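Hi,

Here is the structure I promised to pass on.

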Amino acid sequence: MSSAQDPFYIVKEEIQESIDNLLSTFHQWEQTPTDSSEQARLTKELLAACESIEWQVDELDKTIDVASRDPSWYGINDIELGKRRRWTSNARAQVGSMKKSVVAGKQSNGTSTSNLGGMRRELLRLPDSDQKERSNAYNARDNDDFISSESDRQLLLMRQQDEELDELSASVVRIGDVGLTIHDELIAHDKILGELDTEMDSTSNRLDFVQKKIAMVMKKTSLKGQMMMICFLIVLFIVLFVLVFLT
């Protein structure tokens with residue numbers, strides 16, 4: 001899983017932004033006169049922000065504990081787990097130092113200046129020590145994003161090629177089906193033509209036979225008999241024609 005998609009880094013960025021805002025408010029609190037209403041307001045705001053950030057860090061620690069049970073399933077290793085625990089530890093220490101300073105308040109000018117100066121150095125040191133880790137995380141995230149983008153592009157091209165091949169295969173199958181249908185129709189038509197040709201030959205043979213019989217009868221009978229025979233044959237021909245062609 002890339003850093004951009006890892007929920008840990010998303011929550012981490014949100015918490016780090018809250019810590020940066022808390023540090024800015026803390027510097028403003030340092031410059032505010034003692035026992036003023038503005039300092040009281042800032043003190044209340046700082047304590048509430050510290051409580052909220054500490055709760056978020058605790059929740060993030062719980063997710064790290066869950067991931068440590070099966071790191072491979074979450075796509076991380078022991079080194080990454082150690083980095084995440086160090087960050088939450090530093091964040092908790094940073095917020096705890098500000099919270100203690102706010103609760104203690106300013107006792108005296110000299111003592112307060114010395115303590116706050118040391119506190120400022122500690123607060124500034126903690127994010128600086130995490131700056132390299134954040135920079136490495138950003139670089140790793142950029143590399144992961146580039147690799148993920150290239151991988152997604154390659155997968156998209158392969159998917160498009162697969163879809164084109166599927167469409168081509170479907171077209172070939174459709175053409176083959178049409179060819180088989182045409183072949184079957186041609187066979188059926190050829191069969192019908194063969195049957196019709198057979199019927200025509202049979203009918204022609206019957207007519208020839210009838211004509212020969214008529215000629216033989218006409219030779220043997222008189223004119224009156226021939227006329228009767230002709231009428232009879234005509235009727236017979238009509239009957240045969242009806243039987244052959246109309247039934």
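Let me start with K99, which is partly exposed because its relative accessible area is 22%. Before going further, please keep in mind that this is a predicted model.

K99 forms a salt bridge with E54, and their closest N and O atoms are 3.4 Å apart. K99 sits in helix α3 (residues 78-104) and E54 in helix α2 (residues 37-69), so this pair ties together parts that lie 45 residues apart in sequence. In the whole structure the search finds ten salt bridges.

Over in helix α2, E59 and K62 meet in a salt bridge at 3.3 Å, N to O, and they are three residues apart, about one turn. E59 is partly exposed, with a relative accessible area of 30%. There is also a network of salt bridges linking E38, R41 and E45.

Now the aromatics. The structure holds three aromatic pairs. In one of them, F26 and W29, the ring centres are 5.7 Å apart and the planes are at 25°; planes under 30 degrees apart count as stacked, so this pair is stacked. Both residues belong to helix α1 (residues 7-31), and because they are three residues apart, about one helical turn separates them. F26 is buried, at 0% relative accessibility, and W29 is buried as well, at 1%.

A nonpolar one of about 720 Å² is made by L207, I234, F237, I238, F241, V242, F245 and L246. Helix α5 (residues 223-245) gives the largest share of that patch, six residues. L246 is in the segment after α5 and is exposed, with a relative accessible area of 62%.

The other patch is negative, formed by D162, E163, E164, D166 and E167. D162 is in helix α4 (residues 109-220), and at 43% relative accessibility D162 counts as partly exposed.

Cheers

Notes:
Residues numbered from 1 in each chain as written. Predicted model: local features only at pLDDT ≥ 70, side-chain atom pairs only at ≥ 80, totals over all residues. Heavy atoms only, no water. Phe/Tyr/Trp six-rings, centres within 6.5 Å; stacked < 30°, edge-to-face > 60°. Helix = DSSP H or I, 4+ residues; strand = E, 2+ residues; numbered from the N terminus. Buried < 20%, exposed > 50% of the residue type's maximum accessible area, 1.4 Å probe, protein only. Patch = residues over 30% accessible without salt bridge, like charges linked within 9 Å, V, L, I, M, F, W, Y side chains within 5 Å. Areas by Shrake-Rupley, 256 points an atom, 1.4 Å probe, with all protein chains shown as cover. Salt bridge = Lys/Arg side-chain N within 4 Å of Asp/Glu carboxyl O. Lys, Arg positive; Asp, Glu negative; His and termini not counted. Charge placed at Lys NZ, Arg CZ, Asp CG, Glu CD.
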